[in-house]
Amino acid sequence: MEISSGAGVALEGVHASVAALDALDCEDSFLAAGVGVGADVDVLQRRYELRLARLEVVKRLEAQLAAVKAGDVAEAVAIQNAMLAPDAPVHERTYAEMSAVEEIAGALAISSSAAGAFVEQSRRVCALPPVRDAMSAGDLSWQHARIVADETEGLTPDGATALAAHFFDPDAPNPARGAAPGELVPSRFRAKVRTWRERHHPETLEQRHAKGVADRRMEYTPDRDGMAWISLCLPGDTACAIWNRTTATARGLQGPNEPRTITQLRPDIAASLLLGAGTPAGEAAAGEAAGRTGDAAGTGAGSISGAGSAAGSNSDIGRVPTPRADVLVMVPVFSLLGITDEPAELDGHGPIPASMARKLVADGAESFYRVLVDPRDGAPLEIGRTRYRLTETIKQWIRMRDGKCTFPGCTNRTPDNDTDHLTAWQNGGTTGVRNLGQLCPKHHRLKHARPWIPDPATDNRSPGWTSPTGRHYNPEHPDPEPTHWPAGLFPMPAVTQGVDPSPEDLPQWEPDDDKLIDLHDLSPEDPVWAEFFTKPFVLSG
């Protein structure tokens, strides 16, 4: 069977990985015993590097074993079905598969439901050769492969194949940029896969969002130690606004006399706003005495998201000075004008329907911040500056380009992240987007304390990083795609056939009127930039 060849490749990789582990273990044993160690060898540093090298090999081995496991599971069910007569009735085939699933559950010591889910995921992964090959080579973990299986649910076979090609075939049209799938932490990989899926799903995001809105709900889940969780399923812009308001209010409450962390303040504020801030009943329900640090988790108070403290010494949350929390929304121009329904991108959330983005603009949302987008590749356009102090414009642009802290594996995308010079100003670094990157406070401090070296950034790519031991990590930047061009907009065959043109096919963006300004000829210091970004955007009727 075709699936057997994949298992064979994975087993060959397993043998190679085990041999590599043996070699690393032998070297470590020699170092520990002091055998054949030169005087110039830093034994502790080398043994530290060997531990990291072994972890890398173990990660590869686990992926290869997962490929074998998934292949065997999918193949076992296929063989069970093949044992039946071609004209076997449906109920016999159903029972044959049920029996195989139960056997798999027993062999793996998992529940029947878990085995059934694993069988379905294994089938989807093994049906996509690029994904199976990446696992067999040790380049993709099962956790990553399972994300592909989850996100291809609901796609047609051609759609699933196109998704796999986008992320795993470098020769595919407009392949994914930045770090390879297996180099991304799973949550970042899921975000990139989901963004692609939202743009290419056979059912439009507008239609799926309408169904999702109908399913909005609130859920309550008791937890241990007298705590509980409250979850809300809401439209993305509403949920984002709630999160930003609680975060901004928490920042306003912080000060020398406020002992609680921002993580503790967020649920306290949400509880106070829901239960009536400033009222005795609201304060009693939200927690106990003002100023508590939230460490009395076993008191039995049913508080939101596991925080058990009151709203703090400020009894009326509504009076707390709230810092402005700008939300970045990147909207393709044709979607904004209503010509297409291409999804927009909401910072901190991901793709949103074009109608939601248009509503944010039309309603004059104070936190809406426009970003110039190059329609040829979907990337934000640069606005440079030459002085050290960063304007809010360039900070917001860096937020949109990077999407989160650029440090390898970090998923922190809070607006409080720092905009850092990759090459220090005193070392000749300039204040342009190619020398700027977003860092969370934790990794900003680490960058200056240990030799983690960032690569230069580009107009549309975040910086990669090199660790103190010389390991290089590719950038994890977002993966924008060219804007969808409406048919008939330009007299070009590719567009009139409904196919998005390549950047080379598009017209040159040169003004054909003396009254128009070529932005490439405009000085970054020209006040017209500030005037442009403060001008309200009005949609035509």
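Reader: What pLDDT does the chain average?

Author: The model is predicted, and the chain averages a pLDDT of 78. A score of at least 70 is reached by 72% of the residues.

Reader: Which elements have the lowest and the highest mean pLDDT?

Author: Helix 12 (residues 280-286) has the lowest mean, at 35. The highest, 96, belongs to helix 6 (residues 142-151).

Reader: And where does pLDDT stay under 50?

Author: Residues 492-498 are one such stretch, and the model gives them 15 contacts beyond four places in sequence. Another is residues 537-541, with six contacts of that kind.

Reader: Turning to aromatic residues, how many aromatic pairs does a search of the whole structure find?

Author: The search finds six aromatic pairs. In one of them, Phe167 and Phe189 have ring centres 5.8 Å apart and planes at 80°; the pair is therefore edge-to-face, since planes over 60 degrees apart are classed that way.

Reader: Is Phe167 buried or exposed, and what about Phe189?

Author: Phe167 is buried, its relative accessible area being 8%. Phe189 also counts as buried, at 1% relative accessibility.

Reader: Which residues form an aromatic cluster?

Author: One cluster is formed by Phe407, Trp452, Trp465 and Tyr473.

Reader: Back to helix 8, please. What does Arg197 touch?

Author: Arg197, which lies in helix 8, touches Glu151, Glu153, Leu155 and Arg208, leaving aside residues up to four places away in sequence. Arg197 is buried because its relative accessible area is 16%, and the cut-off for buried is under 20%.

Reader: What span should helix 4 have, and how far apart are its end C-alpha atoms?

Author: Helix 4 (residues 112-126) has 15 residues, so at 1.5 Å a residue it should span 21 Å. Its end C-alpha atoms are 21 Å apart, in agreement with that value.

Reader: Which residues of helix 4 are buried?

Author: They are Ala115, Phe118, Val119, Gln121, Ser122, Val125 and Cys126. As background to such a list, an α-helix has 3.6 residues a turn, so residues three or four places apart point the same way.

Methods: Residues numbered from 1 in each chain as written. Predicted model: local features only at pLDDT ≥ 70, side-chain atom pairs only at ≥ 80, totals over all residues. Heavy atoms only, no water. Phe/Tyr/Trp six-rings, centres within 6.5 Å; stacked < 30°, edge-to-face > 60°. Buried < 20%, exposed > 50% of the residue type's maximum accessible area, 1.4 Å probe, protein only. Helix = DSSP H or I, 4+ residues; strand = E, 2+ residues; numbered from the N terminus. Expected span 1.5 Å × (residues − 1). pLDDT = per-residue confidence, 0-100. Contact = heavy atoms within 4.5 Å.
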